[in-house]
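Please read these notes with the structure open beside them. They take the ligand site, then a pair of helices, then the confidence of the model.

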Amino acid sequence: MSTTLLPPPRETEIDPGAGGGGGWTGVRLVTAVIPPSRLEQLQAAAAAGGATGMTVSDAGGYGRQRGHSATWMGAEYQIDFVPKLQVELLVSAADADRVVDALVAFVRTGRIGDGKVWVTPVESVTRIRTGEAGLDAL
Ligand SMILES: Nc1ncnc2c1ncn2[C@@H]1O[C@H](COP(=O)(O)OP(=O)(O)OP(=O)(O)O)[C@@H](O)[C@H]1O
Ligand SMILES: [Mg+2]
């Protein structure tokens with residue numbers, strides 16, 4: 001008996017977002033945490049990448065440098081949670097890489113604290129007005 005070695009399935013064939021009872025939605029959630037001053041550049045990147053909408057929230061966080069120190073009335077203290085914006089964009093799986101690439105290109109200054117962007121699979125999306133689901137809901 002011979003064993004056939006199959007190549008690993010491509011990402012488009014096994015949707016890691018399928019989850020328990022979910023199905024293939026073809027939708028990805030792009031989450032970015034950026035300095036508030038870079039929102040305009042992010043909006044331009046989102047448009048260039050084909051994103052149709054976004055949610056922006058005030059956030060605070062730190063990365064590898066763990067905040068920064070500041071001085072008030074001669075006393076030095078540590079600011080752990082640096083003000084940031086958290087941006088969420090639902091996009092098609094086909095557009096996700098383009099959105100991330102555009103976002104990195106437009107938002108980047110090269111300085112520490114430029115931010116982070118990550119992509120997660122989405123199990124279900126529904127447009128409330130129409131009941132459309134999945135890619136049709138974007
Ligand atoms: N590991 C993480 N998990 C969750 N959120 C993170 C993580 N790292 C960074 N963030 C969020 O992203 C924001 C920006 O991170 P930041 O750009 O400082 O990342 P970094 O890895 O320290 O990169 P750099 O060295 O360029 O500063 C943080 O304020 C925080 O809100
Ligand atoms: Mg940092």
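1. Start at ligand 1. There are 14 residues around ligand 1, and those that come nearest are Val33, Gly61, Gly63, Arg64 and Ile112. Two elements, β2 (55-61) and β5 (82-92), each give two or more residues to this shell. Keep in mind that the model is a predicted one.

2. Now consider the make-up of that shell. Sorted by class, the residues around ligand 1 are 5 nonpolar, 5 polar and 4 charged.

3. Next, look at two helices, α1 (residues 39-49) and α2 (residues 93-107). They pack with their axes 8 Å apart, at an angle of about 150°. Because angles over 145 degrees count as roughly antiparallel, α1 is roughly antiparallel to α2. The crossing in which α1 passes α2 is right-handed.

4. Which residues of α1 and α2 meet? From α1 come Gln41, Leu42, Ala44, Ala45, Ala46, Ala48 and Gly49. From α2 come Asp95, Arg98, Val99, Ala102, Leu103, Ala105, Phe106 and Val107. By class, this contact of α1 with α2 has 11 nonpolar, 2 polar and 2 charged residues.

5. A point on confidence. The average pLDDT of the protein is 88, and 83% of the residues score at least 70. Strand β1 (residues 27-34) has the highest confidence, at 98, while strand β3 (residues 68-72) has the lowest, at a mean of 87.

6. Two stretches should be read with the scores in view. Residues 8-13 have a pLDDT below 50, and this stretch has 2 contacts in the model beyond near neighbours in sequence. Over residues 16-22 the pLDDT stays under 50 as well, and here the model has 11 contacts beyond four places in sequence.

Key: Residues numbered from 1 in each chain as written. Chains lettered and ligands numbered in written order. Predicted model: local features only at pLDDT ≥ 70, side-chain atom pairs only at ≥ 80, totals over all residues. Near = placed C-beta within 6 Å. Helix = DSSP H or I, 4+ residues; strand = E, 2+ residues; numbered from the N terminus. Nonpolar A, V, L, I, M, F, W, Y, C, P; charged D, E, K, R; others polar. Axes fitted to C-alpha atoms, helices over the stretch in contact; angles between N-to-C directions. Parallel < 35°, antiparallel > 145°, perpendicular 65-115°, else oblique. Left-handed = near helix turned anticlockwise from the far one by under 90°. Contact = placed C-beta atoms within 7 Å. pLDDT = per-residue confidence, 0-100.
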